[in-house]
Amino acid sequence: MLRCYLVLRCSARNAILRAPFLRFFASVPRNETSNIRNMALVAHIDSGKTTLTESILHKSSYILSPGSVDSGSTTTDFLPAERERGITIQSASIPVKWKNWTFNLVDTPGHADFGMEVESASRVVDGAVVLIDSVEGVEAQTKGVWRQLSRYDVATRMVFMNKLDRAGASFKSSLLSLLTHKLHANPLAIILPVASMNPKNYARAEPGVEALVDLVKWELWKWTDNGERSVHPLPLAADTCELAEIFPTGHPIIPHLIPARTALLENLAMFSEDLMEQLLGLPSTPSSYLHVESKDIIPHLRKATLRNQVLPVLCGSATKSIGTELVMEYAGNLLASPLDVRLQAESADAPLRLLAWKVAWDKRRGWMTFVRVYSGTLKRQSTIHNVNTGQKEKVTKLLLLYASEAEEVDSLPYGSVGVLLGLKHTRTGDTLVDTRSSGGSASFQTSLRGVIPPPAVMSVSVIPNSHSDLEPVQEALHSLIRTDPSVRIDTQEGQILVHGLGALHLEIIEGRLKDEWDAKFEFGNRQVSYRESTSSIVSPKLEEWSTEIAGKVMTVKLALSVAPLGEDEEGDPAFDGNLVLGIQGQSLKAPDSYSDQLDPMANLARGIASALSSSPHTSLPLSHVKVQVTRYSLRRDAPPSILTGASSYILRSKLKEAGMGPILEPFVKLKVSVYEDTLGKVVKDIAESGGEVVDLASDAGSPTATEEDGDPYPTDGVYIPPDELSPSSASSRASSSASNAPRAKRTIHAIAPLSRMLDYSTRLRALSAGHGSFDMINAGFQEVAEPRKIEILREIGRA
């Protein structure tokens, strides 16, 4: 019966196995590049990324003892603001040696206000470890960073269920939340937690994690109270007597071990015909699957992970360094190397090609440009060509950065990540090539895919302390934008406005301007960044625009159409949520993404972006607008750059013709946790603030999907661990349903306008008597009703 079941399931998924791939995979190591793992740790805030990073650095012997986020002693959170607040603000890269592998490890922020850091890191990594708090399961920003990884086609991912030592932690609920929130249809548990080696602690529902079962290598990893670790092979027989030599008699996990191993192999066999044949050839005995060795499993597991057919799930406690070595082991075995995801033209022998994924300023070292080498080898004192700007730059030093410490090197080989000193004009997302190849192969003159900043949702005025401080403040702002492209500045009615991703982001911007550039200014009141859209359709009509160049009149003929974005259409983040199409209906790239800046489409895109940045009616940026170039003509002797002025002017006139459209306001998703007795007051406050409650749930229940998630992935064919593996969580659910339960907590999922939530921390503290907590994440822009539109127009002085 089992063989028949396996064959039927395998046949149903043959289409997956036969699907063509745009990238090709190399699962057999061939050289040192195959041992590089460019990987990021990503998660919702407070899920333990920095703690896991510290544990990895400790286990790899980089540091003698792991630091603590609470004490401000971590290696990667070295900025004063990070240590003061206990959060990660900027991504930090650090090379880690483990066995034969080199992990270029990037610890990223979890707070949505610093999403640009995750955006840039996602662009250059080949794999990611996604951390999940086992008490909370998948959270709002977990889905946010997952979408960022998908946007940049990060090839391989694995999940680490962290904080299993906390009360209420549930391995089962956390794994189910992956299906509920549709992160992946095939999560594959390769590690099982052992809450305690003492069965009595299960009966008492004691929280904890003392051991882990590696289902692939069929081993038990145990930790003592002082952190010492031992590894024990598990018996290859189904006889529970042999297991009793390792586990105490009657231990709750014993009956679940063989079913978990069996489920792992059967589910993996759905994606590997070779493994399927091997399983079908085994004897029909309960213990037959225990004799499949890890060396026969890992190659199939790696291939399925590279193809995103399965999502490996590990677990442990980063605080206690439980499971850290298993994370490192499986990151090396399963995550992609640069060779696994390279494009056809990329190799160590090809011409030099780099991507600048981050730019930082250091008072001692100057401008620091973080790069990923996509082909060739970069050597010190090289002169490189910036494909995006057309400028040449001289590299003075090459560094490997260990958080705040640096090691100077002579070269950066293919696939590696490093830091360049000496580049004065390079920005985040720029492509750099060897000056000798800048005029060669067309493929190496083309810019690599850049990094798209998230849209700003909040702004604040900048007031220099004196007139003499104005120029230094402006210079500091332009330098800041180079390090953080998500910051935007403009001038309205003589006032400088800085736009950021949230209140915390603006606070950090203020501190950085004062600390790093010694700017002297004050911030005004925070205000929300609104958008204008259009509700009119303006048909294309060929229009003329003329300008004089060197005494000659140059005329451009251009036809543009303008319309609101359709319900089934999605705006492009590169154009702030607008959709910009070319003559053939193709999406235009961001202006700076064109390798040839003389390309007519690059100049048309630049002019359109300029016109969309400020409405002729309200001066607000436009969003949710669809613009299409249907026709243009240009004299042969005319420079393509005049298309920028022509497209900007003609589009602006089209927008005037369309009239003022609806006003859009940024909304946020709220997750509020309060006691039952204050639930009514909190819900009422959200409703009175223009918000809408989406869901009410018990804190101790199964994960619930929000409306946007849709129907969850089915659990068919997925191993769901039993409640017994998380005794503390099972107990909390039982106690919460009892009639004599203590004050129960409820979770409110809501959506509300950001402008009404700027002081929500203070309001919630008063409403919940200090016992409430909340998470807030950007939910995009939504159209407002007419009364609210009039309020906003009055607020910005346009009514």
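Trainee: Is R488 buried, partly exposed or exposed, and what is its relative accessibility?
Mentor: R488 counts as partly exposed, because its relative accessibility is 28%, between the 20% and 50% cut-offs. Keep in mind that this is a predicted model.

Trainee: Which residue does R488 form a salt bridge with?
Mentor: With D490; the closest N and O atoms of that pair are 3.5 Å apart.

Trainee: And how many salt bridges does the count come to?
Mentor: The count is 34. One of them joins E665 to R788, with the closest N and O atoms 2.9 Å apart. E665 sits in strand β31 (residues 663–675) and R788 in helix α22 (residues 786–795), so this pair ties together parts 123 residues apart in sequence.

Trainee: Are E665 and R788 buried or exposed?
Mentor: E665 is buried at 2% relative accessible area, and R788 is buried at 15%.

Trainee: What does R746 meet in a salt bridge?
Mentor: The side chain of E676, at 2.8 Å from N to O. E676 counts as partly exposed, at 40% relative accessibility.

Trainee: Which residues do shared partners join into one network?
Mentor: E665, R756, R788 and E791.

Trainee: Switching to helices. At what angle do α3 and α13 cross?
Mentor: At roughly 85 degrees, with the axes of α3 (residues 49–59) and α13 (residues 324–334) coming within 9 Å. That makes α3 roughly perpendicular to α13.

Trainee: Which residues make the contact?
Mentor: On α3, L52, S55, I56 and K59; on α13, T324, E325 and M328. By type, the contact has 3 nonpolar, 2 polar and 2 charged residues.

Trainee: Now the open sheet of 4 strands. What is the strand order?
Mentor: The order is β23-β24-β22-β25, with antiparallel pairing. β23 (488–492) and β25 (521–528) stand at the edges with a single partner strand each, so one side of each has no neighbour in the sheet. The twist averages 30 degrees from one strand to the next.

Trainee: How many bridges pair β22 with β24?
Mentor: 5, between β22 (residues 458–464) and β24 (residues 495–500). V462 stands opposite I496 in β24.

Trainee: Which strands does helix α16 touch?
Mentor: Helix α16 (residues 503–516) touches β22, β24 and β25, and its direction makes about 165 degrees with that of β25. Helix α15 (residues 470–483) lies across β22, β23, β24 and β25, at about 20 degrees to β24.

Terms used: Residues are numbered from 1 along each chain as its sequence is written. This is a predicted model: local features need pLDDT of at least 70, side-chain atom pairs count only at pLDDT 80 or more; totals for chains, interfaces and linings use all residues. Side-chain values use heavy atoms; hydrogens and water are left out. A salt bridge is a side-chain nitrogen of Lys or Arg within 4 Å of a carboxyl oxygen of Asp or Glu. Buried means under 20% relative accessible area, exposed over 50%, partly exposed in between (1.4 Å probe, protein chains only). Helices (H or I, at least four residues) and strands (E, at least two) are DSSP runs, numbered from the N terminus. Axes are lines fitted to C-alpha atoms, for helices over the stretch in contact, and angles run from 0 to 180 degrees between N-to-C directions. Angles under 35 degrees count as roughly parallel, over 145 as roughly antiparallel, 65 to 115 as roughly perpendicular and the rest as oblique. Contact means heavy atoms within 4.5 Å. Ala, Val, Leu, Ile, Met, Phe, Trp, Tyr, Cys and Pro count as nonpolar, Asp, Glu, Lys and Arg as charged, and the others, Gly among them, as polar. Two strands pair if DSSP finds at least two bridges between them.
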